[in-house]
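Colleague: I would like to go through the terms used for this structure. Please set each value against its definition.

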Amino acid sequence: MLERLRKFIDERGIIQQKLGDPSLDPSQYKDLGRRLRALENIVQLASELENIEKTIKDSREILSAEKDSEIREMAEQDLNSAEQRKPKLLEEIQLELLPK
């Protein structure tokens, strides 16, 4: 899923570079601006998914290596929270990817 979403992130970066080009034709500027606005929500969701997956990975590593009960408890809370959010986020992403 993240690989597919990275294409949108990359596209946003390319568009942002093009919009910074002073030689850009005004009609292209309008089209690129429209596409950039269309990408913003999916890019935001993709970024949140990356953060959640990193939290899950990091929390599991802490739980497997850490002996301190307080740190383990915090890692468990982070893991539970991220695992609960992930399915809802994936659903939001799927809805955002539907043709409009």
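**Core, salt bridges and surface**

Modeller: Start with the core. The largest nonpolar core has 21 residues, and L5, I42, L49, L89 and I93 touch the most other members. Helices α1 (2-19), α2 and α3 each give at least two residues to this core. The largest share, 11 residues, comes from α2. This is a predicted model: local features need pLDDT of at least 70, side-chain atom pairs count only at pLDDT 80 or more, and totals for chains, interfaces and linings use all residues. Residues are numbered from 1 along each chain as its sequence is written, and side-chain values use heavy atoms, with hydrogens and water left out.

Colleague: What makes a set of residues a nonpolar core?

Modeller: Its members are buried Ala, Val, Leu, Ile, Met, Phe, Trp, Tyr and Cys residues, joined through side-chain atoms within 4.5 Å. In soluble globular proteins, nonpolar side chains tend to be buried together.

Colleague: Why is L39 called buried?

Modeller: Buried means under 20% relative accessible area, exposed means over 50%, and partly exposed is in between (1.4 Å probe, protein chains only). L39 has 1% relative accessibility, so L39 counts as buried. L39 is found in helix α2. Helices here are DSSP runs (H or I, at least four residues), numbered from the N terminus.

Colleague: Why is Q94 called partly exposed?

Modeller: Q94 has 38% relative accessibility, so Q94 counts as partly exposed. Q94 lies in helix α3. Q94 and D21 are 73 residues apart in sequence and 33 Å apart in space, C-alpha to C-alpha.

Colleague: How do you know that R35 and E11 meet in a salt bridge?

Modeller: The term asks for a side-chain nitrogen of Lys or Arg within 4 Å of a carboxyl oxygen of Asp or Glu. For R35 and E11, the N to O distance is 2.8 Å. That is within 4 Å, so the pair qualifies. R35 lies in helix α2 and E11 in helix α1, so the pair ties together parts that are 24 residues apart in sequence. R35 is partly exposed at 32% relative accessibility, and E11 is partly exposed at 27%. A search of the whole structure finds 10 salt bridges.

Colleague: What makes D31 and R34 a salt bridge?

Modeller: Their side chains meet at 3.5 Å, N to O. Both lie in helix α2, 3 residues apart, about one turn of the helix. D31 has a relative accessible area of 45% and is partly exposed. R34, at 43%, also counts as partly exposed.

Colleague: Which parts does the R60 and E83 pair tie together?

Modeller: The closest N and O atoms of R60 and E83 are 2.6 Å apart, in a salt bridge. R60 lies in helix α2 and E83 in helix α3, so the pair ties together parts that are 23 residues apart in sequence. R60 is partly exposed at 46%, and E83 at 33%. Elsewhere, salt bridges that share partners join E48, R85 and E92 into one network.

Colleague: Why is the patch of D68, E70, E73 and E76 called negative?

Modeller: Asp and Glu count as negative, so the four residues D68, E70, E73 and E76 form a negative surface patch. Patch residues have over 30% relative accessible area and no salt bridge, with like charges joined within 9 Å and nonpolar side chains (Val, Leu, Ile, Met, Phe, Trp, Tyr) within 5 Å. D68 has a relative accessible area of 35% and is partly exposed. D68 is found in the loop between α2 (26-65) and α3 (69-97).

Conventions:
Areas by Shrake-Rupley, 256 points an atom, 1.4 Å probe, with all protein chains shown as cover. Charge placed at Lys NZ, Arg CZ, Asp CG, Glu CD.
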